[in-house]
Amino acid sequence: MEKTIFMKIIDREIPAEILYEDEETLAFLDISPTSPGHTLVIPKKYSVNVFDTDSETWLAVMRTVQKIAPAVRDAVGAKGVHINSNHGEEAGQVVPHLHIHIIPRTDRSKFEFWPPQKYKDSEARETAEKIRANL
Ligand code: AMP
């Protein structure tokens, strides 16, 4: 299998501003930040996204996200962070290697993210029933 760009960062084949590393995970600055300090946390064990990741790997990534988030926030003087992640091309995933974004925010201006919609009639109940049936 061809290495993803993130595997090349893990193997130090391409440069990155690495912030933290442990046995299971790596955190580094996003090369095209939404705001300064925008960080990516990835597992060293390869998976594409939430749909093929084992829970130990997922938990290891989340542990690192929780460790890194306050350091990122405080380093850039932000008040909060987005912790988000795209899973699947249709959801905006570009790099096919699991990664979680930590994006510092200093204010709510220009905050346009997931614009809310309304369910119609029984749509919420029907949608919830379908999800529960899949669990
Ligand atoms: P996504 O759209 O969720 O797949 O996000 C992929 C992210 O990877 C984008 O925010 C890119 O800016 C970032 N990215 C791509 N290549 C690199 C790289 N070589 N070093 C750091 N970040 C990268």
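**A first look at the chain, its cores and its pocket**

Ser 35 is buried, with a relative accessible area of 16%; buried here means under 20% relative accessible area, exposed means over 50%, and partly exposed is anything in between (1.4 Å probe, protein chains only). This is a predicted model, in which local features need pLDDT of at least 70, side-chain atom pairs count only at pLDDT 80 or more, and totals for chains, interfaces and linings use all residues. Residues are numbered from 1 along each chain as its sequence is written, and side-chain values use heavy atoms, with hydrogens and water left out.

Ser 35 sits in the loop between β2 and β3 (39-43). Helices (H or I, at least four residues) and strands (E, at least two) are DSSP runs, numbered from the N terminus.

From the N terminus on, they run α-β-β-β-α-β-β-α. The C-alpha atoms fill a box of roughly 55 × 40 × 25 Å, taken along the principal axes. Of the 135 residues in the chain, 33% are buried. Among contacts with a separation of 6 or more, 52% come from residues 24 or more positions apart.

Next come the cores. A nonpolar core is a set of buried Ala, Val, Leu, Ile, Met, Phe, Trp, Tyr and Cys residues joined through side-chain atoms within 4.5 Å. The largest one has ten residues: Ala 27, Val 41, Val 61, Val 65, Ile 68, Ala 69, Val 72, Leu 98, Ile 100 and Ile 102. A second, separate core of eight residues includes Phe 6, Ile 9, Ile 10 and Val 95.

On a 1 Å grid over the protein atoms alone, a cavity is a set of points where a 1.4 Å probe fits but cannot get out, while a pocket is an open set with protein on both sides within 12 Å along at least five of seven lines; lining residues have an atom within 4 Å of a point. The largest pocket holds about 340 Å³, a volume being the space filled by probe spheres set on the points, with grid points joined across faces, edges and corners. Its lining has 19 residues, of which Phe 6, Phe 28, Asp 30, Ile 31 and Leu 40 lie nearest the centre. The elements that give two or more residues to this lining are α1 (5-10) and β2 (25-29), and α1 gives the most, with three. By class, twelve lining residues are nonpolar, five polar and two charged; Ala, Val, Leu, Ile, Met, Phe, Trp, Tyr, Cys and Pro count as nonpolar, Asp, Glu, Lys and Arg as charged, and the others, Gly among them, as polar.

Most residues other than glycine have a negative phi. Arg 12, in the loop between α1 and β1 (18-21), has a positive phi near 60 degrees and is partly exposed, at 45% relative accessible area. Asp 121, in the loop between β5 and α3 (123-134), also has a positive phi, of about 40 degrees, and is exposed at 83%. Lys 44 belongs to the loop between β3 and α2 and is partly exposed at 27%. Not counting residues up to four places away in sequence, Lys 44 touches Ile 10, Glu 21, Asp 22, Glu 23, Glu 24 and Thr 25.

Note on methods
Contact means heavy atoms within 4.5 Å.
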